[in-house]
Amino acid sequence: MRLHIKGGRVVDPASARDAVGDVYAADGKIAEEFSRADRVIDAKGLVVAPGFIDLSARLREPGYEYKATLESEMDAAVAGGVTSLACPPDTDPPLDEPGLVDMLRRRAKALSRARVYPLGALTVKLRGEALTEMAELGEAGCVAFSQGNVPLRDTQLLWRALQYAATFGYPVWLRAEDAWLAKDGVSHDGEVATRLGLAGIPSFAETIALGTILELVRATRARVHVCRLSTAGAVEMMRHAKQEGLPVSCDVAIHHLHLCDMDLGYFDSHCRLEPPLRSQRDRDALARGLAEGAVDCLCSDHTPVDEDGKHLPFAEAEPGATGLELLLPLTLKWGAAHKLPLAVTLARMTSDPARILGVATGRIVTGAPADLAIFDPGAAVRVTAESLKSQGKNTPFLGYEFAGRVRYTVVAGNVVYEG
Amino acid sequence: MQRNPQLNAHGELQHLLSIEGLPREVLVQILDTAESFVGVTEREVKKVPLLRGKSVFNLFFEPSTRTRTTFEIAAKRLSADVINLNIALSSQTKGESLLDTVANLSAMQADIFVVRHNSSGAPYLIARNVKPHEHVVNAGDGRHAHPTQGLLDLYTIRHYKKEFTRLTVAIVGDILHSRVARSLIHGLTTLGAPEVRVIGPQTLLPSGVEALGVRVFHDMRAGLKDCDVIVMLRLQNERMDGTLLPSAQEFFKHYGLTGAKLSLAKPDAIVMHPGPMNRGVEIDSTVADGPHAVILPQVTFGIAVRMAVMSIVAGN
Amino acid sequence: MKLPEAEQLCAQLVGELKARIGPQTAMIGLYTGGAWLAERLHAMLRLPEPLGLMDIAFYRDDYHARGLHHDPKRTKIPFDINGRDLLLVDDVLYTGRTVRAAMNELFDYGRPASISLVVLADRGGRQLPICAQHCGARVEVPSGMRLRLKRDAGDRLTLALEPERAA
């Protein structure tokens, strides 16, 4: 397949390119100019960007096929311009055996849509009691190891896990949340939780856990990616840790850039998220930290939940929100609010996550994999249950209208989505 | 933000879910109506035909004999048919979802659901999913709200103190887990009480409670000084497992209401308690049975307040 | 249109009622206009029993359509109605539904020996088989209007026409 994308605004954050021009792809890679294309896409008025790289998308396989299937969620990914995604190991059973990882990768590959990078379980069954065979899992295709949202209470085991992962050079992706302080909590410990009578998780549940993680990184020099920051305090700690030269990075979920605990309104279970939505001050600090680079990148933290899981009282509702198809519009909205150049905005979901994932995608240079998202930044998208390809219709943004519509998604030189 | 889900398009009370966010006029309307129902409850025939032919479903997902009984009496005095469902023991344990249960009862022609649930916000979920002619009355959800208790507390205060605008009210004990405290605080601030105090150890006060418009005291003697109204909260036994409080004895010593502490309040102060009381834990018997206590009138007024609430929502 | 003088009708009713007063006679006025009229009649007739006042909000037959009346007054009947000859007083008699509700409420207080209806004005338009035993005047009321009793600061009673409230 020889693809010619013509006359679009090509924005490549990695090379700081932002100019109208043509992009060519052949044999799955970005190519130099050629004349005989199999297909020409007229990208006039559209932005041609590297395909988006999402560091957290739950595909719900294996185990939760009633919530979503690999097919539905891979459709959602490419409809959102996402060409690579990392999936957390908190499936059922968890991704703690090479066979499971292998099967997931092969199923995903057969669908030939987005590239899937599984995260292996850090501990067996995610129980926090015994280390998994990381080297085996690494060979099967795990790019990093993680507990997903399952707490690891035993700090000694966490220390051992980081030592072991560092031995083989594997990064460890961790949520920073003290399990004891977060016990029973379902919302940010603050005025809103007090008013609504919801059990709170204090901000220091995150900063205390992050302090522990950073100390262990100092001790082990393990590469750690801290997932889903939610507090202003954690942003500052990450800023200092990076200044200190620790091998750490972090991300924030797209919802936490736009929402805060006030948005719980009258117990909107769509706002039941992990970590919880925190105060306005935290939200603003996250958004600013991401703009300034203290936070490396953002992700959709895509978590499809079926209606039964959300049609429950707030505390009993299953946490999570669907996000793959909202990633672009919500990212553009964040970038516009901070008056960022488009290349900087897009970097947070292309070149920055590519660096963390250690992949060659996320850039438009000759020889790089031809993964592209071609979108109309001004076109309106209305978020409705019908419009979402994901089987999860659970989002606090149902009914909202945003700007930014994906027109074409290209993976390895093939057009996998046209909208 | 969404429209207050308890009010219909005309701003009338369609469901009673929380005192928070209710306009002053609505609160006053409920209290005034309750006053008329107090007259009814003093008659020989204590029944009026308002809700004749209507069905009130008492949906208690959390056991409570007392509150359920007062709702039952109130509904019967309005001539409604009352069906008591102790869900804690039935379908929920068989895996039926909350909304399935409600849909089933709705198919049995319900008019009012009186809901108690241990999860904050559960009545909101139900109210969002009932038919337009069905009404939801919150009989206590998690730590969030217990609006009819709050209203009967307000009624009792108004009955004895006439107006709210000069009152100092102290709420003492486990504020953290108390839906009664939250509802009363919102009611008092809406009706213009100038000083509402909460008194308790830090472990029993929710974070940011000052944002509700209250003054926080950890020293009960200081907190009770010159109070017109003292509301003692029930301390649940499960709070005394050592993680929030070391012992009932130590709690009583510092936060139990005794005659000596009561004497720091105004001479005509009234003492309230939502019941059931733990004598010797949060309140001394001499106080509970003493001349300042209005704990039994609270129960009587509670029936009239619940009659008022049900007859107002069912008519809107 | 000329409405009759309420004060004159009062005096006329007092004259009419005087002959009817017996040892068991007691009076009950219906809020709000009927209560004003009853207060006046009760004083002029010097009835020994205190006046009873009634709000029929909890007995209205339009509750299902219109909901509960705002700010219902508390019914106060300070005597035992069993065996009484009751004079039930209202300002204007129209459909008869208020009187039906009032009688229902009365029977929840006991079993009176008799009930007579006293009204200042009868505007016709009955929807129930009810009539007044003592009526000050018959008044023609144009459709879309309602007839109300008013009381000014000096306790003077007057009849007035005003547009019906939109339902």
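In helix α5 of chain B, the buried residues are Pro147(B), Thr148(B), Gln149(B), Gly150(B), Leu151(B), Leu152(B), Asp153(B), Leu154(B), Tyr155(B), Thr156(B) and Ile157(B). The model is a predicted one, and the values reported here are to be read accordingly. Because 11 of the 15 residues of α5(B) are buried, this helix is largely enclosed by the rest of the structure. The buried residues of α5(B) find their packing partners in several elements of chain B, namely α1, β4, α6 (179-190), β8 (229-232), β9 (270-272) and α11. The helix covers residues 147-161 of chain B, and the distance from its first C-alpha to its last is 20 Å, which is close to the 21 Å expected at 1.5 Å a residue. Just after α5(B), the backbone at Lys162(B) adopts a positive phi of about 70°.

Chain B is divided into two domains, of which domain 1 comprises residues 24-145 + 300-315 and domain 2 comprises residues 147-296. The C-alpha centres of domain 1 of chain B and domain 2 of chain B are 26 Å apart, and the contact between the two domains involves 21 residues from domain 1 of chain B and 20 residues from domain 2 of chain B. On the side of domain 1 of chain B that touches domain 2 of chain B, the elements contributing two or more residues are α1 (24-41), β4 (135-141) and α11 (295-315) of chain B. Among these contributors, α11(B) gives the most, with 6 residues. The residues on this side of domain 1 of chain B comprise 10 nonpolar, 6 polar and 5 charged. The elements α1, β4 and α11 of chain B are also among those against which the buried residues of α5(B) pack.

The contact between chain A and chain B draws 19 residues from chain A and 26 residues from chain B. On the chain A side of this contact, the most is given by helix α5 of chain A (residues 191-196), with 4 residues. The residues of chain A on the side that touches chain B divide into 8 nonpolar, 6 polar and 5 charged. Chain A and chain C, by contrast, are joined by no contact, and their closest C-alpha atoms are 26 Å apart.

The contact between chain C and chain B involves 14 residues from chain C and 16 residues from chain B. On the side of chain C that touches chain B, the residues consist of 6 nonpolar, 3 polar and 5 charged. Chain C itself contains 4 helices and 7 strands, and from the N terminus on its elements follow the order α-β-α-β-α-β-α-β-β-β-β. For 167 residues, a compact globule would have a radius of gyration near 15 Å, and the 15 Å found for chain C therefore agrees with that expectation. Along its principal axes, the C-alpha trace of chain C spans about 40 × 40 × 35 Å. Of the 167 residues of chain C, 37% count as buried, and, among the contacts in chain C with a separation of 6 or more, 68% are accounted for by residues 24 or more positions apart.

Notes
Residues numbered from 1 in each chain as written. Chains lettered and ligands numbered in written order. Predicted model: local features only at pLDDT ≥ 70, side-chain atom pairs only at ≥ 80, totals over all residues. Contact = placed C-beta atoms within 7 Å. Nonpolar A, V, L, I, M, F, W, Y, C, P; charged D, E, K, R; others polar. Rg over C-alpha atoms; globule rule 2.2 N^0.38 Å. Buried ≥ 20, exposed ≤ 12 C-beta atoms within 10 Å, placed from the backbone. Domains from an automatic or database assignment. Expected span 1.5 Å × (residues − 1).
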